[in-house]
Amino acid sequence: MSTTDLGMPGLPPPGRPEFPPFPEAAHDAVRDERLRGNLRHATHTIRAKRARAVAEVSDWAELREAGRRIKDHALRHLDRYLVRVEEAVTAAGGTVHWAADAEEANRIVAGLVKATGEREVVKVKSMATQEIGLNEALEAEGIRAYETDLAELIVQLGKDRPSHILVPAIHRNRGEIRDIFRSEMSEWGRPAPADLTDTPAELAEAARLHLREKFLRAKVGISGANFVVAETGTLVVVESEGNGRMCLTLPETLISVVGIEKIVPTWRDLEVFLQTLPRSSTAERMNPYTSMWTGTTDGDGPRVFHLVLLDNGRTDTLADEVGRQALRCIRCSACLNVCPVYERAGGHAYGSVYPGPIGAILSPQLRGTRSAIDASLPYASSLCGACYEVCPVAIDIPEVLVHLRERVAQGGEVTRGGNRVVLRPARGHGAERVAMRAARWAFGHPGALRGGQRLAARVRRFRPRTLPGPGRAWTGTRDLPALPAEPFRDWWQRTHGGEEEEK
Amino acid sequence: MRVALFLTCVNDTLYPDTGRAVVRLLRRLGVDVDFPMAQTCCGQAHYNTGYRHEAEPLARRFGEVFADYEAIVTPSGSCGAMVRELYPRLGERARAEGRGDTLERVLAPVVPKTYELTEFLVDVLEVTDVGAYYPHTVTYHPTCHGLRGLGLGDRPRRLLQAVRGLDLVELPGADECCGFGGTFAVKNPDVSAAMGADKVRNAESTGAEVLCAGDNSCLMHLGGTMSRLRTRMRPVHIAEILASTEEDPAA
């Protein structure tokens, strides 16, 4: 098994062998006026709605703390709960498969679909299957996967990449969606009406009619799950559109690919998350559709059920004492919606199906920090803390970001593929390391610091508008501050703490 | 009460006026304030950029320099949060890495007695009217580490509202980060600049003459953006507003 790059979620931009580092991708995004407008509108709207939905709940802080504890408990005893899930699902008539990485998961799912003799599947929106690139893997086996979530459909028809966890087409506006429907739907099935406008009702109706044929024809459904209840082996999918309910009940065979961190011990634990998840993600008190199923039931729903439990870097992440809290994530995307960096850079800049603050701590842990994008993600934050504030399971994202910066800049021991390995510092941090060490030395010698300050004061008249080299990153958009005639400490000493001046 | 001013390396080097303002303000309120000359930097930039081990000796120096004071006051929400929030973590991690509890023991006493300036005024001195006079229209930007790290809440606004002559106007999107973020400003310059420009535009829309905040690092970024965008506003640290009086007005 490879030790890094376990499954490359999504695809790099056209003509690029791999994703560019975050600052490079963001450079173009911040200049895309339409993208900025779409994102600003969408994130500010959902941000305000979420704040209202959360403010209604008097015991929100307690629910958040309970969510944190339930997840931490489940993760600490994951070995036990995973075995419990396998026993319960098997007893209820399902079959459990274990996938160490993306490749293995894809191979298992493709094999299961082929065994049915079918060439197409309908899909419930699922982050796990995005993460492993399942659609592309199925395509390579001659199996067509139809996304049935409205936003995923827009992304799939537009040959695009998702840019948000909950609203994968958040970067598109109505006009763009209409254009995609009109030009692409006929390639995949029922075409959009020729006179389709960009009103939400018409767009939704076009999607509904297009998807209905797929729902009624499909013999195999593929899903993820928001939660797996260990005590009974029950899977839970929370959704808004009803497409999930169709995919989970109509096909004869259902295959669910679920990350091993999705386990909660008991049904009672759902009480917490079914309150915090909808309010955090769609700002709804309760989501329209909550589907729960336990194995198979004669005469009701799929007759064959497979659960593929996916590791793909999760056990390695669990081994890290600071970083493991990222596994508490319930994929609500509240952190994306409040993030000022996400709002301006857009989801694609994160080079992963997990964008935004949570993506910046999840991707470099699941995939490792070797690639340019993964080594740059921990720095894709101003550490403003808005993400931590809204997280319904209290993931201290800034803490993990700083922890991962240390891993990138300094290297150190990590777990990859179940083995302890020592990482070398990432490339490109040499000058920074020297500068940090020099600054530490100067700050350890106030005399040296003072010498530097006085030198600066002496050359204060020379205040360039632009700096060369790395300094350009500052002066490209901002003027430098004026240097004072003397640092504070000189004034303090010269005037005996200002007393000379006050006389 | 023996109070030490922890000015921060940025203020010491670039913004001595802010330091002088804090001294003047605290003396006016009857506080005996000292500036221990051995102080340098809290180590925040090192820590937040991923150089925790380089931050440790700076934290230890801080603990030693300020050990004997009853209170440590700093005109920076960000450096205040470094001490209060992150110093305990530094000590814990050092111990977890098998390097003993020396760092933890040096840091433990200074953590609870470190106050950001507005916190010290409102919570310790229990004043909101500091006798200031500042006849200008001002909008206030709560900086992230003061707002979310230290939980300063409405303390700065209460202090500003009590300043005679000052007209405080709401800043739209006040809680949003200005985009400075320490080394973020140069590691992600495009996003940082976009955030700064949006903040400046919001500030300009208020019609205020002055953008006030409690962190000069954020104001350095915003002030640099303002002058590059040729706006007519100016950035002013809250200490300079609170220190200003009719007899001794701020520039």
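Across the interface of chain B and chain A in this predicted model, 36 residue pairs are found in polar contact, both residues of each pair having pLDDT 80 or more. On the side of chain B that touches chain A, the largest share, 8 residues, is supplied by helix α11 of chain B, which covers residues 189-205. When the residues of that side of chain B are sorted by kind, 29 are nonpolar, 18 are polar and 15 are charged.

Charged side chains also pair up between the chains, for the count between chain B and chain A is 14 salt bridges. One of them joins the side chains of A:R344 and B:D198, with 2.8 Å from N to O.

The contact as a whole draws 62 residues from chain B and 68 residues from chain A. About 5,700 Å² is buried between chain B and chain A, and carbon and sulfur atoms give 56% of this area. Within the area that chain B buries against chain A, B:M37, B:Y51 and B:R228 supply 13%, which is more than any other three residues.

Which side chain of opposite charge is nearest to B:D215, and which to B:K113?

| Buried residue without a salt bridge | Nearest side chain of opposite charge | Distance |
|---|---|---|
| B:D215 | B:R148 | 11 Å |
| B:K113 | B:D68 | 6.5 Å |

B:D215 is placed in the loop between β7 (210-213) and α12 (216-228) of chain B. If neighbours within four places in sequence are left aside, B:D215 is in contact with B:S76, B:G77, B:S78, B:T143 and B:H237.

B:K113, for its part, lies in the loop between α6 (102-107) and β4 (114-116) of chain B. With its neighbours within four places in sequence again left aside, B:K113 is in contact with B:F66, B:A67, B:Y69, B:E70, B:A71 and B:I72.

Note on methods: Residues are numbered from 1 along each chain as its sequence is written. Chains are lettered from A and ligands numbered from 1 in the order in which they are written. This is a predicted model: local features need pLDDT of at least 70, side-chain atom pairs count only at pLDDT 80 or more; totals for chains, interfaces and linings use all residues. Side-chain values use heavy atoms; hydrogens and water are left out. Contact means heavy atoms within 4.5 Å. Buried area is the accessible area (1.4 Å probe) that two parts lose on being put together, summed over both. A salt bridge is a side-chain nitrogen of Lys or Arg within 4 Å of a carboxyl oxygen of Asp or Glu. A polar contact is a pair of N or O atoms within 3.5 Å; within protein, one must be able to donate a hydrogen and the other to accept it, and residues adjacent in sequence count only if both atoms are side-chain atoms. Helices (H or I, at least four residues) and strands (E, at least two) are DSSP runs, numbered from the N terminus. Ala, Val, Leu, Ile, Met, Phe, Trp, Tyr, Cys and Pro count as nonpolar, Asp, Glu, Lys and Arg as charged, and the others, Gly among them, as polar. Buried means under 20% relative accessible area, exposed over 50%, partly exposed in between (1.4 Å probe, protein chains only). Lys and Arg count as positive and Asp and Glu as negative; His and the chain ends are not counted.
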